[in-house]
6 protein chains.
Amino acid sequence: MLLHLSTWAEVAQFLKRSRTIVVPIGSNEQHGPTGLLGTDWLCPEIIAREAEKTADILVAPTFNIGMAQHHLAFPGTISLRPSTFIAAIGDWIRSLAGHGFEKILFLNGHGGNIASIEAAFSEVYAEASFAGRRAGFAMKLCNWWDLEGVGELAREQFPTGHGSHATPSEIAITQWALPGSIKSADYTPQIAPTGPIREALEFRARYPDGRIGSDPAQASPDKGGELVKLAAQSLVRELAAFSDEAMPK
Amino acid sequence: MLLHLSTWAEVAQFLKRSRTIVVPIGSNEQHGPTGLLGTDWLCPEIIAREAEKTADILVAPTFNIGMAQHHLAFPGTISLRPSTFIAAIGDWIRSLAGHGFEKILFLNGHGGNIASIEAAFSEVYAEASFAGRRAGFAMKLCNWWDLEGVGELAREQFPTGHGSHATPSEIAITQWALPGSIKSADYTPQIAPTGPIREALEFRARYPDGRIGSDPAQASPDKGGELVKLAAQSLVRELAAFSDEAMPK
Amino acid sequence: MLLHLSTWAEVAQFLKRSRTIVVPIGSNEQHGPTGLLGTDWLCPEIIAREAEKTADILVAPTFNIGMAQHHLAFPGTISLRPSTFIAAIGDWIRSLAGHGFEKILFLNGHGGNIASIEAAFSEVYAEASFAGRRAGFAMKLCNWWDLEGVGELAREQFPTGHGSHATPSEIAITQWALPGSIKSADYTPQIAPTGPIREALEFRARYPDGRIGSDPAQASPDKGGELVKLAAQSLVRELAAFSDEAMPK
Amino acid sequence: MLLHLSTWAEVAQFLKRSRTIVVPIGSNEQHGPTGLLGTDWLCPEIIAREAEKTADILVAPTFNIGMAQHHLAFPGTISLRPSTFIAAIGDWIRSLAGHGFEKILFLNGHGGNIASIEAAFSEVYAEASFAGRRAGFAMKLCNWWDLEGVGELAREQFPTGHGSHATPSEIAITQWALPGSIKSADYTPQIAPTGPIREALEFRARYPDGRIGSDPAQASPDKGGELVKLAAQSLVRELAAFSDEAMPK
Amino acid sequence: MLLHLSTWAEVAQFLKRSRTIVVPIGSNEQHGPTGLLGTDWLCPEIIAREAEKTADILVAPTFNIGMAQHHLAFPGTISLRPSTFIAAIGDWIRSLAGHGFEKILFLNGHGGNIASIEAAFSEVYAEASFAGRRAGFAMKLCNWWDLEGVGELAREQFPTGHGSHATPSEIAITQWALPGSIKSADYTPQIAPTGPIREALEFRARYPDGRIGSDPAQASPDKGGELVKLAAQSLVRELAAFSDEAMPK
Amino acid sequence: MLLHLSTWAEVAQFLKRSRTIVVPIGSNEQHGPTGLLGTDWLCPEIIAREAEKTADILVAPTFNIGMAQHHLAFPGTISLRPSTFIAAIGDWIRSLAGHGFEKILFLNGHGGNIASIEAAFSEVYAEASFAGRRAGFAMKLCNWWDLEGVGELAREQFPTGHGSHATPSEIAITQWALPGSIKSADYTPQIAPTGPIREALEFRARYPDGRIGSDPAQASPDKGGELVKLAAQSLVRELAAFSDEAMPK
């Protein structure tokens, strides 16, 4: 069930059978010469919606702009500051928890989001902790590449040149889902350099075409389809386990 | 051109021929017994993407969560506080202006967003004003129902019972674009009451099924299609006029 | 009854007979060659205090600095950023609501304040909405020129050259109330240009003497007196209606 | 020269002969059984405007709501939180400094404001300090009772029962300026108790009628007039000295 | 008892016999040619730990970074902005109050902290005041040089050249406690100039070696020891009096 | 060189030979029945100061209060919210970078700090990224247990029951450095349970004595000494490598 294509009454019904929701969350940022700017929010959206076809889960709208300050020197990147991102995630959580959702899983598509998402969870939990009361709900962060089996499959598909940004696995996923938007380019060097991530202009100086450690030429729609199918299955199990987890009294 | 399906290099190319971008912005909130929770962000997204099919315009990802505090008593609504919303809009603008966009048009789908969006514009302009420097870029807020001719068409289609929330015009648009998600219900009363908008529980007490002044039963995919076609044409003209507007030295 | 000239015990007494208060709110900003910097906060203060002479209403101190970032390139303008303004309005409301005021009407004198004031109301309501409780009080924004009959009278008095900033109507009001502070100047052009409002330096480039669309030479103390008298009567009715409005359980 | 009764062009002229401005700042809060709620902003306003009659000084609009959280249990008190107050003072300063004012003197009427005003000054200075640049302007906080000779006169007028809140000196000043708003009541005890100041309900428990250490019955319009005259003279000298103070290169 | 060297169970035990805690708070900032950067947080830490040797008091970890924006032009200074400082002090207080501490005494070592600490107290109290509830706990600010008898002793030890920054008394205290870190330098002039404190670069222009009004050459470990012993005794009494102070119902 | 025991002139000298500084950062929070509340800030302080004895490095004061909202149900814990923590870390960084430090290494002692510290780095970098300029300095987060070889040694020392909170390794370090503060208790169960970390009351319900997965009884001063010695050596190498790292033009 996709929340944005449902009515409030349908969500009220869903809440009678489940208190769990998944929020795809990513970033809109450069992904090298051939990666789509939307890659990092498209991937978790694609996976979550694929999972939704096979199970009675509820998928929230996609949180599509994340923490991508380091990509701002490349046109098309849109970023929130961490403080803004944390405030916004908090308001999403407070809205959903107010409706009675007790397990909120963020399916994340961008490594640069992780710290801010975790900080946002703590910011929300802190409201309960400082007030000396129970929150009554729990959040979980799950990167799609950490879903059970997915990392293994990606390493098998791309034993070299996977890298950490504009990776063949994420590009393969968008190729599978959006075959009309497959781009091509020559990569020089074939495998991009690696190194630290700091502010935007330093980033662009280190990584002139935007990739980090990756060879996206290895991506293919088929490989993307394999990843999506596996990730979707694992997500359904992950949600079930999270739903079933008891919170201590 | 859809920004999220483009590469950074394609956006860099676009910036050589235009400095204008349109950002669909809305809200995810209850829309009565039959309106989709995503209605207010789907409508501007649908219109902007329709326009993009006929003109060389650049459409940003959709800003899908807005200021909907008054709808929070209905399940599925997700809202930012005004302060969070203003901060987030500001970061979107700063990101886009940093790439060289000089005209940023927000195509809005939610009346409750207007005050916060305008306040966000002023917050960003104030940075330049307090610093005693020119901003170098301009924002414009455009509600889709205010696009040239659109209000007239809606009034013609729905002379009574249009109302102001869960209106037949917005529901018709989603029916046209998402025919698989058309819902039906009995409306009691046929035309919903009207009144002021305050906090969420008062809102629900006033408007038990979520509608304000509307009779959504009048919506049809065909009427929605007419609205979208007209709105898309007007949007293209609006963007052209905004692009052409000279900023004084 | 003017709150600032009352004791706390007198306010406690007032609260036994009424839960309604009016807050004049405006801005301190340039008003063209002849308009007073205080025009926008003086007008609602003048009208509210005139109304107070004829009815048992309670007038709060005037909120005299608003959102005027676009006027900062003219000396004497003092502005809050929207975020600061929203925070401050919120604290005023929370203070007054804490005393038991249930209807708080802001009588506004500055168009540039509207978005931030509405956003501030939503920010305060959101506290209740996110907490799942009723607020127990309501705010209303009322621009003095929107009081019943006032716009009509102004259009009758100034059929051309009313404009939207440094208007003859607002200047007439200050002329009537502060006859010792009437200024004169030649206007070139007689009717100022119109256009969009953005940041301060662009504003000054567009509107070199600060006026927008107006010919303030038409102002006179007599016309101002007519406007004040009518506005004061309408305000009393507006407050009575707001007081009488029932809030749903 | 009163800024709010001037045009921007008149302020531009003033800036050619002086870079100094005085901002009356106070609070709107309970002042015991007979003190006006506006006492703390009326006193500096009265003194500054009296001074303005005798010297070419520029008086800003009055900052009338300050930090009075401890008085919130008495009806009519309006308070900003320190964080809001600091933000607002900062925006006033940034507005004025942007126009070229180099010496901004805040004439304060409320002891509870002192910490927040000083913190606000540091917040503004810190922008320059963190950026490694000179501010180019300076602020000074001056409580009216600390103006040269004023404390001595007050001690002479009220050797006992002056106290620290709802003092006979501040009430005398409002009696002199606003003879139509003189209130009377029996005081029990004649001299109010003293003690620490914490949150609002504790405050009201300690100081049931709102006074701290004072016997306002000693106030008279004549004594108020003496205080105002002396304070106005001292303020003129204070402003002259502040204007003349050289800032090191 | 030093909190950081205790277990949570030991603190739980302490709370059964006392609800009072002392928090040393200072700043890390330049202290002239010979003063340690840590002087302002070391002094209250030294005094509080000396007091702890003789009485059953609980000493919190030292809050070592304060509001020192004016010292930022000297290497080694670390400063929080007032707004950050206020937020952080608030979280310390909320943490401690949540455990049941009812009397929280901040033993301060830096004059520049005073305004922000007082503002922080008001910010925390305001939460209760705006909510219309009792806080249930109280804070007190105590500068070590204001402890009973300490100012007198310092004036006796250093009748001239005490000054207000990099004073011989504070340097003497660190000399006594940290004899391995005694520095020497020639002072020119022997007694530093005095004047106002504004932003960092102006500060350095006024006070080239960082001192204000002081002659630190007079400091000696012996004098420091005398000050510490006396301050520790006074602190114990101050804490006892604060503990014993009844809060009104 | 310990910054807090140095003068500003000594830091100015240091900056001529190095642009690198290490900031010990931790948390003050419960550490089970026998762990000190200060454990998480003491460990990095102990290691950094041990390293300082053998190499010409500069050690900042310890940032002793971190993000420990989940421990607030245990007395003695002091926590900042993530938003406060991020603001404070930012001001530390801005202060140090303003002095010319180009490499700022945070030696962290608390897992719960990681997300907020990384978010704080991004918040500071974002200022440069949004402004389109280079930052000119870099931050690195290094947990002491991740220093080269340290994790291996800990696993060797404590093959079972190391756990993740109140670990024998961290307790051993404080035992070695503070032999007068070694505590003992019976542990039931000997190895504590593991699980997720959420808000404070849930945490205490899951982990009644505060430990997670650990058996602190295995700690000994000797093992602590081995860890400190190895960590100090690794830290010196880590700082040297960070200093030597070139930043791209």
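Which residues does F:Ile21 touch, not counting residues up to four places away in sequence? They are F:Leu3, F:Leu58, F:Ala60, F:Leu96, F:Phe101, F:Lys103, F:Ile104 and F:Leu105, with contact taken as heavy atoms within 4.5 Å. This is a predicted model, in which local features need pLDDT of at least 70, side-chain atom pairs count only at pLDDT 80 or more, and totals for chains, interfaces and linings use all residues. Residues are numbered from 1 along each chain as its sequence is written, chains are lettered from A and ligands numbered from 1 in the order in which they are written, and side-chain values use heavy atoms, leaving out hydrogens and water.

**F:Ile21**
- F:Ile21 lies in strand β1 (residues 20-25) of chain F, strands being DSSP runs (E, at least two) and helices likewise (H or I, at least four residues), numbered from the N terminus.
- F:Ile21 counts as buried because its relative accessibility is 0%, where buried means under 20% relative accessible area (1.4 Å probe, protein chains only).

**Helices α2 and α6 of chain F**
- Helix α2 (residues 39-52) and helix α6 (residues 168-177) of chain F pack at an angle of about 60°, with their axes 9 Å apart.
- The contact involves F:Thr39, F:Asp40, F:Leu42, F:Cys43, F:Ile46, F:Ile47 and F:Glu50 of α2(F), which meet F:Glu170, F:Ile173, F:Thr174, F:Trp176 and F:Ala177 of α6(F).

**Helix α6 of chain E**
- Helix α6 (residues 168-177) of chain E is mostly covered, with eight of its 10 residues buried.
- Elements covering these buried residues include α2 (39-52), α5 (150-157) and α8 (221-244) of chain E.

How values were computed:
Buried < 20%, exposed > 50% of the residue type's maximum accessible area, 1.4 Å probe, protein only. Axes fitted to C-alpha atoms, helices over the stretch in contact; angles between N-to-C directions.
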